Amino acid sequence: MTGPLRIGIGAVVVAALLLACGATEPEARQVEWVQLTLESGGTLDIAVLRPESAAKGVVVAFPWGAGDAGLLLGLMQSYWDPAAPDAGYAVVGVVAYGPGLERNGGEVMAAVMGWIDENLGEAGDKVVMTGASAGGVGVFHAALAVPDRVGGIIAMPGRYSGEASLEVLADAAVWMMVGEGDTNWVGRSEATAGKLEAAGVEVTHEVVRGQGHVLRVDQDVLVRWIEGR
């Protein structure tokens, strides 16, 4: 897949989400971009939304598709901005291709969690990770890289495709959502929920009626779930 084609697909996904959520055009937000250095010598970009006062928790988000900056901003705007910062949560979006985190999730999450600890203080003790589509694959690899730092996982949709044991996530609650019309993902999502349950993880699996791959989810509902962890 070439670069231009990936960008085109990303634009379609973001446009579909904005239309589904009732938005007519993206609203400008104050996003802080930070470039982190990985142990391998490479770099990683993160996008940060901060609440007005000290953060009481952190949402770490992974985007759809190729995981580029545009897709990440679309995900953050559609699901987390402004509800999460308004409720006191920082949002840290990671520019990364979700499935690729099976290979480099360790160094990616070491850099992300290191930045959170240095810049968001005690909020780093209350972390929820989330992702959609490719990001919903990557969120499980990311969580498995730092299982002791994860209080919850929201995959919408998501699935786990690796071989590592999920038992290390037993202390994290997981909420999985998939649209009933998303035929390529329903079975995979259900299979992952079954693996999580077998591993002793508290998991809620929801097949959302009348929806497809790009889910419409009220931001306040997501925040209330986090506050219930």
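## Salt bridges and sheet architecture

Asp117 is partly exposed, with a relative accessible area of 38%; this class lies between buried (under 20%) and exposed (over 50%), as computed with a 1.4 Å probe on protein chains only. The model is a predicted one, in which local features require a pLDDT of at least 70 and side-chain atom pairs count only at pLDDT 80 or more, whereas totals for chains, interfaces and linings use all residues. Residues are numbered from 1 along each chain as its sequence is written, and side-chain values use heavy atoms, with hydrogens and water left out.

The protein has a mean pLDDT (the predictor's confidence in each residue, from 0 to 100) of 90, and 87% of its residues reach 70 or more. Over residues 1–26, pLDDT stays under 50, and the model has 21 contacts (heavy atoms within 4.5 Å) beyond four places in sequence for this stretch.

Side chains of opposite charge can pair when their charged atoms come close. The structure holds four salt bridges, each defined as a side-chain nitrogen of Lys or Arg within 4 Å of a carboxyl oxygen of Asp or Glu. One of them joins Asp117 to Arg149, with an N to O distance of 2.7 Å. This pair links helix H4 (residues 101–119), which holds Asp117, to the loop between helix H5 (134–145) and strand E6 (152–155), which holds Arg149, 32 residues apart. Helices (H or I, at least four residues) and strands (E, at least two) are DSSP runs numbered from the N terminus.

Another salt bridge connects Lys56 and Glu227, whose closest N and O atoms are 3.0 Å apart. Lys56 sits in the loop between strand E2 (43–49) and strand E3 (57–62), while Glu227 belongs to helix H7 (residues 219–227), 171 residues apart. The accessibility of residues in these salt bridges is listed below.

| Residue | Relative accessible area | Class |
|---|---|---|
| Lys56 | 41% | partly exposed |
| Glu227 | 43% | partly exposed |
| Arg149 | 19% | buried |
| Arg229 | 44% | partly exposed |

Glu202 and Arg229 also form a salt bridge, at 3.6 Å between the closest N and O atoms. Glu202 lies in strand E8 (residues 202–208) and Arg229 in the segment after H7, 27 residues apart.

Eight strands form an open sheet of mixed pairing, ordered E1-E2-E4-E3-E5-E6-E7-E8. Strand E1 (32–37) and E8 are the edge strands, each pairing on one side only; pairing requires at least two DSSP bridges between two strands. From one strand to the next, the twist averages 20°. Strand E7 (residues 173–179) runs parallel to E8 and is joined to it by seven bridges. Met176 has His205 in E8 as its bridge partner. Helix H6 (residues 183–198) lies across E7 and E8, at about 165° to E7; angles run from 0 to 180 degrees between N-to-C directions, with axes fitted to C-alpha atoms, for helices over the stretch in contact.
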